[in-house]
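Please work through the exercises below with the sequence and the model open beside you. Each one gives a task and then a solution in steps.

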Amino acid sequence: MSLIRRSLFKGALVGALAPALPALSETPRGNGSGAAPGWGVGAEGQRKADRGDGFFQNPIVAGDHPDPTILKDGEDYYMTFSSFLSYPGLVIWHSTDLVNWAPIGSALHKPLGVIWAVDLIKHDGRYFIYIPADPQNEGWSIFVIWADDIRGPWSDPIDLHIQGCIDPGHVVGEDGRRYLFTNGVRKIRLTDDGLATDGALEHAYAPWRYPDDWVVENFAPEGPKLLRRGDWFYLITAVGGTAGPPTGHMVIAARSRSVHGPWEHCPRNPLVRTRDASEPWWSRGHATLVEGPAGDWWMVYHGYENGYRTLGRQTLLEPIEWTDDGWFRALGGDLSRPLPKPRGGREGPSAPALSDDFSSPRMGVQWALHGETTDAGRVTYAGDGLRLAATGASPADSAPLVCGVGDSSYEAEIDLELIGEVEAGLLLFYDPKAFVGVGFTPDTRKTFQFSEELTWMRAPHDTRRIRFKVLNVDNIVTWFHSHDDGATWIRNEMRMEVSGLHHNVFGGFLSLRIGVYSAGVGHAVLRGFTYRAGVAVA
């Protein structure tokens, strides 16, 4: 259990489902406050970074929000993340204090295949997102979309034909020209409008190397993010690999008086690194520097929560300070303790409730379709709920509707009705190779484990409508179904342990999400989705 797992879940009524959550037994390390660790309580019991006492507890955006790219735009902050195979993709989040964040919409509606780390920037009054993608499974290229309003509409993607590159980072050089840096670390000049290249891809920087005996995944210099401050350009890079051993990923920095170099390594490298697997956050890296509302400075990056890789890489915020030698250093330690909130910000909305009566669209804000080829037309809203058109023959090839979560313990329910020759069900879905769940046809109830149906558990019935519930308590999963709208519940005989459904086992850099599948011919009608975090009820 994570060192900072706290009172948000303490006292949960887990009954026979799991033992009581243990109290803190170790003294957290780090440079935080003397305040006791713990989160605020958000909608539906979700953990909330803002504690309401002038302090915050990481993560600032819980759940799978990796590779954060952040933009300060006057008094507003905007952030987006890698969206991989979820469409609509590139959900944009908004904040006015760097701690409380809420989604405002998605920027990418045309499938481009898998989407990795992007860069969100503003230049001459226009917003741009530079996107590495592989739409045809023929190799990576970098695309760009743009908008005159951050809330859209956004343009269709434009292929910049920067082949074999990922992780773009935009900067305006001392010559006034625009450049993209990429993994490697390489750079290429852009045209003034930012919509095409204007030169060749070339080597830019040989990153600092850690000692050979450090336990890391691989060198993998990636995620270059650039900042100009005073006479210096600062290049923030990730090395060590984004997953693998908990001690792998790290944040390093270099600086130069020109985007063309030469680059000088920061003498304090690495500036951020998980040094021991007992720390609350693993694989910390992929950072961007951002100025706070009152002129203080911060670093935004991602990490896995100790013991909960299933939640994906979550977004973390750490204070930094500029030093007299023109460098900076991180001040948050291992992030085990609460930290003072950024000064001068205005508190705004935080992550909204996930419960959904499907009376208004939340596609691209809460829900997305998962798959290499997704058809947004599969999802329609009607007065009686959301209709999810069937595709495929099973959960594995159904491109399910998914919803990310940021809590280690929660319950979720949904009512499903079958229209046509269709089957549907409720899943915990990582990808087609890694999922568990329950489903039904008009005459059979099904159970899925190890990404396949347990055919020996088939149960006959005669119904086209059922309500399913999933209870996940620290990766111990129990399923229920009801034929009377949840007045009474029948527990599935198979409990499941899902802590291994994550990237280090299955690849893909994803998280274990709530999913709804609809397979066959016809559609499923979804009604009354409810979510509750922190309290588990048998």
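**Exercise 1.** Decide from its relative accessibility whether Phe440 is buried or exposed, and then describe the aromatic pair that Phe440 forms with Phe468.

*Solution.* In this predicted model, Phe440 has a relative accessibility of 0%. Buried means under 20%, so Phe440 counts as buried. Turning to the geometry, the two rings lie 5.9 Å apart, centre to centre, with 75° between the planes. Planes over 60 degrees apart count as edge-to-face, and that is the class of the pair Phe440 and Phe468.

**Exercise 2.** Find out which strands are linked by the aromatic pair of Trp367 and Phe529, and whether Trp367 is buried or exposed.

*Solution.* Begin with the rings of Trp367 and Phe529, which form an edge-to-face pair at 5.0 Å centre to centre, with 70° between the planes. Next, locate the partners: Trp367 is in strand β27 and Phe529 in strand β40 (residues 513–533), 162 residues apart. Trp367 counts as buried because its relative accessibility is 1%, and Phe529, at 1% as well, also counts as buried. The pair is one of 24 aromatic pairs in the structure.

**Exercise 3.** Name the residues that ring pairs link into a cluster with Trp322, and state which residue lies over the face of Trp322.

*Solution.* Ring pairs join Tyr234, Trp297, Trp322, Trp327 and Phe328 into a cluster. Arg229 then lies over the face of Trp322, at 4.1 Å from the ring centre. Another such contact involves Arg257, whose charged end sits over the ring of Trp232, 3.9 Å from its centre.

**Exercise 4.** Work out which strand gives the most to the lining of the largest pocket, and how the lining residues divide by type.

*Solution.* The largest pocket has a volume of about 850 Å³. Of the 50 residues that line it, Asp64, His65, Trp93, Val365 and Gly404 are the closest to the centre. At least two lining residues come from each of β2 (47–48), β7 (89–95), β27 (367–370) and β30 (401–403), and β7 gives the most, with four residues. Sorted by type, the lining consists of 28 nonpolar, 16 polar and six charged residues.

Note on methods:
Residues numbered from 1 in each chain as written. Predicted model: local features only at pLDDT ≥ 70, side-chain atom pairs only at ≥ 80, totals over all residues. Heavy atoms only, no water. 1 Å grid on protein atoms, 1.4 Å probe; cavity = no way out; pocket = protein on both sides within 12 Å on 5 of 7 lines; lining within 4 Å. Points joined across faces, edges and corners; volume = space filled by probe spheres on them. Nonpolar A, V, L, I, M, F, W, Y, C, P; charged D, E, K, R; others polar. Phe/Tyr/Trp six-rings, centres within 6.5 Å; stacked < 30°, edge-to-face > 60°. Buried < 20%, exposed > 50% of the residue type's maximum accessible area, 1.4 Å probe, protein only. Lys NZ or Arg CZ within 6 Å of the ring centre and 35° of its normal.
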